[in-house]
Amino acid sequence: MDVPGVVPAQVRDSVRALVGHAERYVLVSSVSAYRDWPAVPVTEESPLLVGDPDEDPGAWQWGRGVYGRLKAGAEAALRRDLPPDRLLIIRPGVILGPGEYSGRLTWWLSRVARGGRMLAPGRSGRPIQPVDVRELARFVLDLIGRQASGTYNVAAPAGHATFGGMLDACRTVTGGEAEFVWAGDDWLHSQGVREWTELPLWRMAADTWQVDASRSHRMGLRCRPLEQTVRDTWAWLTAGGRPVDDPRRALHGIDPARETTLLAAWLTNHVATPE
């Protein structure tokens, strides 16, 4: 079971070492491997990025647009050396929950706990479909136990949660007295706010949260309410939980001084959108 496999050459070497010993190879890939995500909705049959199964980039950095291509290359390495019935590929969307190290939900929790007026991106009713890491782990282990093969997107179903609901849950569990100021997508973009990172999980592409995971749901994937994921993540943090070191965490979150400046500019020219 290969959870961290990203570099194609490493995945290639792994499968070649194990092909005579392991019944099945499980790779946790990503929806980032899809060529057209997040510009269009994706299913498991959507085209992938062109990935080299032998690529070894050496040192690589998050935020450089290479992750999806590398994941596609890792998948290609497996398909080259394994028959389909011995290969299980999992393509999750956004994964949240206790133990998170990438700095998405944990950043929002910390920011909401600080309170005061704060930027909220776009509109509160924007649908989102993150999956709890515990549901993902349970689903993968269940597939392994059933000797499943094939490819599965993993994401919450449509209508499962909204961005505003996530922030409301952050405010409830932290007890913070945050006031959400919902600034428009186009305006945030015009101000150079970096999508997906400065305001984590915000992206303008309409189909960011249109990952079809119906195949997984038919196979038994269940998604707990996002409010429970938020609550449990806050409980983990406040009990002394510490994320493992990861360079992605430094990419997430807006500088407080920049947020203050943006808030002032937005409120000078717009009426605050009701929460």
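This is a predicted model: local features need pLDDT of at least 70, side-chain atom pairs count only at pLDDT 80 or more; totals for chains, interfaces and linings use all residues.

Residues are numbered from 1 along each chain as its sequence is written, and side-chain values use heavy atoms, with hydrogens and water left out.

**Helix α1**
- In helix α1 (residues 8–18), the buried residues are P8, A9, V11, R12 and V15; buried means under 20% relative accessible area and exposed over 50%, with partly exposed in between (1.4 Å probe, protein chains only).
- These residues lie on the same side of α1 because they cover an arc of only 160 degrees around the axis, the arc being that of the directions from the helix axis to the C-beta atoms.
- Exposed Q10 and A17 sit on the face of α1 turned away from its buried side.
- The buried residues of α1 pack against β1 (25–28) and α2 (67–81), where contact means heavy atoms within 4.5 Å.
- Helices (H or I, at least four residues) and strands (E, at least two) are DSSP runs, numbered from the N terminus.

**The sheet**
- An open sheet is formed by three strands in the order β1-β2-β7, with parallel pairing; two strands pair if DSSP finds at least two bridges between them.
- β1 and β7 (150–154) are the edge strands, and each pairs on one side only.
- Four bridges join β1 and β2 (residues 87–92) in the parallel sense.
- V26 stands opposite L88 in β2.

**Helix α4**
- Helix α4 (residues 133–145) lies across β1, β2 and β7 and runs at about 165 degrees to β2.
- Axes are lines fitted to C-alpha atoms, for helices over the stretch in contact, and angles run from 0 to 180 degrees between N-to-C directions.
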